[in-house]
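Please examine the sequence and the structure shown below before reading the explanation.

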Amino acid sequence: MAISFDKALGIHQHALEARVKRGEVLANNLANADTPGFKARDVDFRAMLERAQQSVSGFNMERTHDAHMDTTPGGQDNELLYRVPHQPSVDGNTVETQQEQSRFMRNAMDYQASFQFLDGKFSGLKKALSGQ
Amino acid sequence: MSLGNIFDIAGSGMTAQSLRLNTTASNIANAETASSSTETAYRARKPVFAAIQQSMLNPDQQGMAFASDEGPGAGVRVDGIVESDAELQMRYEPNHPAANEDGYVFYPNVNVVEEMADMMSSSRSFQMNVDVMNTAKSMMQRILTLGQQ
């Protein structure tokens, strides 16, 4: 019986990766908080995770022709969406600093949570290997 | 690990904000610099920010996540510094050493109140980028402890 890391770790490794990607997008929003005309963006986390789940479970529709429709949830790969501002500003910038900052912090916290799960999986594996 | 990108992004933000702070400092320092003609008078300087797109940095990496679209962006850059077109202040000071033949001197079009507001805004934005960097740092430190106990 072989140990498959992919099966043992489950969705958490993908979640961690998605959190890092989202952190990048949010950091970019914050860096451009004073750039005129900049449009704040975010990833569709649910779609991202659904795609990861599909790749884990292995039930994927394969596209054998360019004209085939895309059946992956959330459309295109890792599509970035634009945020709708609560209060549009004159210079066309849609970054709402406080909101972006709170999202960034929340994302970091969720990252920690995913990390905790992943760490738990590893310590479980270790326990199984040492046979205690 | 793309956590390193967050450092680059926050770093670019800090560079841009410190440049903005530099222009503000220059404007405030020169707020009372008199000159004898409109050509030589100091004019308020403003940096122009623009977003960096990742596809501009690595256009060949089509297979990579995010590279196909415009990408998540790679921070902010300063496109250049422009001088304000606002009208200069013309004051009648015949005893001023720099006064022209009509007795007028030209003072810069620097609005000190506006500059102070700009200064606070840029220092806040700078702090925000530092916060982002600190968070990315703690995320990175955390990942190094994976599976240690």
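This is a predicted model: local features need pLDDT of at least 70, side-chain atom pairs count only at pLDDT 80 or more; totals for chains, interfaces and linings use all residues.

Residues are numbered from 1 along each chain as its sequence is written, chains are lettered from A and ligands numbered from 1 in the order in which they are written, and side-chain values use heavy atoms, without hydrogens and water.

Helix H2 of chain A (residues 12-31) packs against helix H1 of chain B (residues 3-29) at an angle of about 5 degrees, their axes being 9 Å apart. Helices are DSSP runs of H or I with at least four residues, strands are runs of E with at least two, and both are numbered from the N terminus. Axes are lines fitted to C-alpha atoms, for helices over the stretch in contact, and angles run from 0 to 180 degrees between N-to-C directions. H2(A) and H1(B) are therefore roughly parallel, a term for angles under 35 degrees.

The largest nonpolar core has 29 residues; such a core is a set of buried (under 20% relative accessible area, 1.4 Å probe, protein chains only) Ala, Val, Leu, Ile, Met, Phe, Trp, Tyr and Cys residues joined through side-chain atoms within 4.5 Å. H2(A) supplies the largest share, 6 residues.

B:Arg20 lies in helix H1 of chain B. B:Arg20 counts as buried because its relative accessibility is 8%. Its side chain forms a polar contact of 3.1 Å with that of B:Ser121, meaning a pair of N or O atoms within 3.5 Å, one able to donate a hydrogen and the other to accept it, where residues adjacent in sequence count only if both atoms are side-chain atoms.

Methods:
Angles under 35 degrees count as roughly parallel, over 145 as roughly antiparallel, 65 to 115 as roughly perpendicular and the rest as oblique. Buried means under 20% relative accessible area, exposed over 50%, partly exposed in between (1.4 Å probe, protein chains only).
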